[in-house]
Amino acid sequence: MPAKYVIHTKMVPHRFEPITRSGVIAWEEGCLKCAVCVKTLCIYHVYDHRGLNAYQMIDSIDNECMNCFRCVQSCPKELIHKSLNPEFEAIGDGYWIPNIISKLWYQAETGKIPVSGAGYPGPFSGPGFDSMWTDMSEIVRPTRDGIHGREYISTGVDIGRKPTCLTFSRDGKLEGEVTGIINIPLPIMLRVPSFGSIAPETVKGWAMAAKRLATMLAVSEEMVGPDLEDFAGTLVPIVKERPFQEVGISGKHAMVEVDRATAEAASREDIARAGSSVIPVVTMPLEKGIEERAFALVKKGFSVLHIEGSRQSTFQDSPSLFLKDGVRAVHLKLIEENARDQVTLLASGGLAMAEHVAKVIICGADAVYVDFPLLVALECRMCRRCRKGLSCPVHVEEASPEWVALRTINLLGAWHNQLLEVMGAMGIRDARRLRGEAGRAMFFEDLDESTFGSLGELEEGYELE
Ligand code: SF4
Ligand code: SF4
């Protein structure tokens, strides 16, 4: 059995004070000047060393307060209040919501799983991944001594064309070589986001992280400069507007990514020739009918397909359809055509939480690319100022490669642990077995249909009493 894969994390502090969900408001007017002011009773002593970060105009109390509400409840004149921070509410957008962003910051800083306390106050269903529930029934029999205990849970996956059978000689030795396949120890690869205040040093930091994590980093070919020479084996150059015949001729990279149009124009001979030196990955925008196009590419000889959803995890041509639906459709089509096991499906787009990784694998992906969480790990607020050519409020471009690498490793460490928790709770010991295990999940649309489908369609103008 191979050695256990463990991601070692350590505290990597923020460079800027994060925007907190709430702030403390302490009115001076009406203060009785009590001999023992409630502020002196704060067990975290946040009032004792209160200060103002003049650069960011942030009161230190907002970040240090642990929300115990002792001072709020004890002030006899009720002069101390906690209030929601409007700046926090304004971070991100409708998909990359403040809670997701702040949890990503926390994971990148600490490498720990975010815990939100007992109970769950949010809605039980929503669009996309929120309409899926994973089956944690094995949680009644958790691993004996935790996710890093004696029981072995493998998160390793294979990328490339898997052989349909192996041939052995009479003395039991494997005949021939298994080529065109690589193994990564976690089903997550990195991908440089499509926007961000990104400098060559930032990309170098991500490449360092990918190498230390033993995974891959997809990066546009133009960004692969001499600085990244040491990381060639870890990089997946994204090649654009070049004929397929030229793909992989440098021989430096194990994988190369091409767009769908280039792949569709390639001949079978070119695909076979490229396949002997590099694994070509075809990026397909997630659009209606993707399953037919995916199968056509597989028939042509491609074995690694990357399904790219929008940043909000929807189809690129239909915001009411989601990445999970597209991945399921392609996965089931390949099963129907008896081609699934030879193909590796990668998915990306709107994967913002560790649970999304587990869910998209359950829908049929073998592995994922994460992109924007890598940027948020560097304190990005998803404000999109950089897209308009404006300065970045947290100067992502000035971060050192080592800091970028450590923050990225922390984030992936926290996600890896969550994946182990989910798999352990499901009783699944191998990420390869999680792929397509739709029986381990419940889908809102299926439950809705089985529970209320017999009631028929509601006619227009009809009102429930
Ligand atoms: S709410 Fe609790 S932690 Fe926050 S300032 Fe008041 S006493 Fe301190
Ligand atoms: S914080 Fe805003 S400007 Fe900076 S990288 Fe993120 S989206 Fe771009």
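Me: In which helix is the place of Thr 110?
Reply: This is a predicted model, and what follows holds for that model. Helix H4 spans residues 98-110. Thr 110 therefore has its place in that span, which is helix H4.

Me: Is Thr 110 buried or exposed?
Reply: The relative accessibility of Thr 110 is 10%. Buried means under 20% relative accessible area. Thr 110 therefore counts as buried.

Me: What distance separates the C-alpha atoms of Thr 110 and Pro 163?
Reply: Thr 110 and Pro 163 are 53 residues apart along the chain. The separation of their C-alpha atoms is 41 Å.

Me: How many Å separate the centres of domain 1 and domain 2?
Reply: The protein chain is divided into domain 1, residues 22-84, and domain 2, residues 157-166 + 175-448. Taken over C-alpha atoms, the centres of these domains are separated by 46 Å.

Me: Which charged residue is in the shell around ligand 1?
Reply: By class, that shell has nine nonpolar residues, no polar ones and one charged residue. The surrounding residues include Cys 42, Cys 65, Cys 68 and Cys 71, along with Tyr 44, Val 46, Tyr 47, Met 66 and Phe 69. Cys, Tyr, Val, Met and Phe count as nonpolar, while Arg counts as charged. The charged residue around ligand 1 is therefore Arg 70.

Me: Is Cys 68 buried, partly exposed or exposed?
Reply: Cys 68 is among the residues around ligand 1. Its relative accessibility is 43%, and buried means under 20%, exposed over 50%. Cys 68 therefore counts as partly exposed.

Me: What is the phi of His 45, roughly?
Reply: His 45 is found in the loop between strand S1 (22-26) and strand S2 (52-53). With a relative accessible area of 41%, His 45 is partly exposed. Its phi is positive, in a residue other than glycine, and lies near 55°.

Me: Which charged residues are in the shell around ligand 2?
Reply: The shell has six nonpolar, two polar and three charged residues. Among its members are Cys 380, Met 382, Cys 383, Cys 386, Cys 392 and Pro 393, as well as Gly 196 and Ser 197.

Me: How many disulfides does the structure hold?
Reply: A disulfide needs a pair of cysteine sulfur atoms within 2.5 Å. The number of disulfides in the structure is zero.

Me: Which residues form one aromatic cluster?
Reply: The count of aromatic pairs comes to four. Tyr 95 and Trp 96 make an edge-to-face pair, with 5.8 Å centre to centre and 70° between the planes. Trp 96 and Phe 372 are also an edge-to-face pair, at 6.3 Å and 65°. The members of the one cluster are Tyr 95, Trp 96, Phe 195 and Phe 372.

Me: How far apart in sequence are the parts that the pair of Trp 96 and Phe 372 ties together?
Reply: Trp 96, at 0% relative accessibility, counts as buried, and Phe 372, at 2%, counts as buried too. Trp 96 lies in the loop between helix H3 (86-89) and helix H4 (98-110), and Phe 372 in helix H11 (residues 372-376). The pair therefore ties together parts whose separation in sequence is 276 residues.

Me: Over the ring of which residue does the charged end of Arg 328 sit?
Reply: Two arginines have the charged end over a ring here. For Arg 191 the ring is that of Tyr 369, whose centre is 5.0 Å away. For Arg 328 the distance to the ring centre is 4.0 Å, and the ring belongs to Phe 443.

Me: What distance separates the C-alpha atoms of Val 330 and Cys 363?
Reply: Val 330 lies in helix H9 and is buried, with a relative accessible area of 1%. Cys 363 is 33 residues apart from Val 330 along the chain. Their C-alpha atoms are separated by 9.6 Å.

Me: What distance separates the C-alpha atoms of Arg 429 and Gly 156?
Reply: Arg 429 is found in the loop between helix H12 (401-426) and helix H13 (431-434). At 23% relative accessibility, Arg 429 counts as partly exposed. Arg 429 and Gly 156 are 273 residues apart along the chain, and their C-alpha atoms are separated by 11 Å.

Methods. Residues numbered from 1 in each chain as written. Chains lettered and ligands numbered in written order. Predicted model: local features only at pLDDT ≥ 70, side-chain atom pairs only at ≥ 80, totals over all residues. Heavy atoms only, no water. Near = heavy atom within 4 Å. Phe/Tyr/Trp six-rings, centres within 6.5 Å; stacked < 30°, edge-to-face > 60°. Buried < 20%, exposed > 50% of the residue type's maximum accessible area, 1.4 Å probe, protein only. Helix = DSSP H or I, 4+ residues; strand = E, 2+ residues; numbered from the N terminus. Lys NZ or Arg CZ within 6 Å of the ring centre and 35° of its normal. Domains from an automatic or database assignment.
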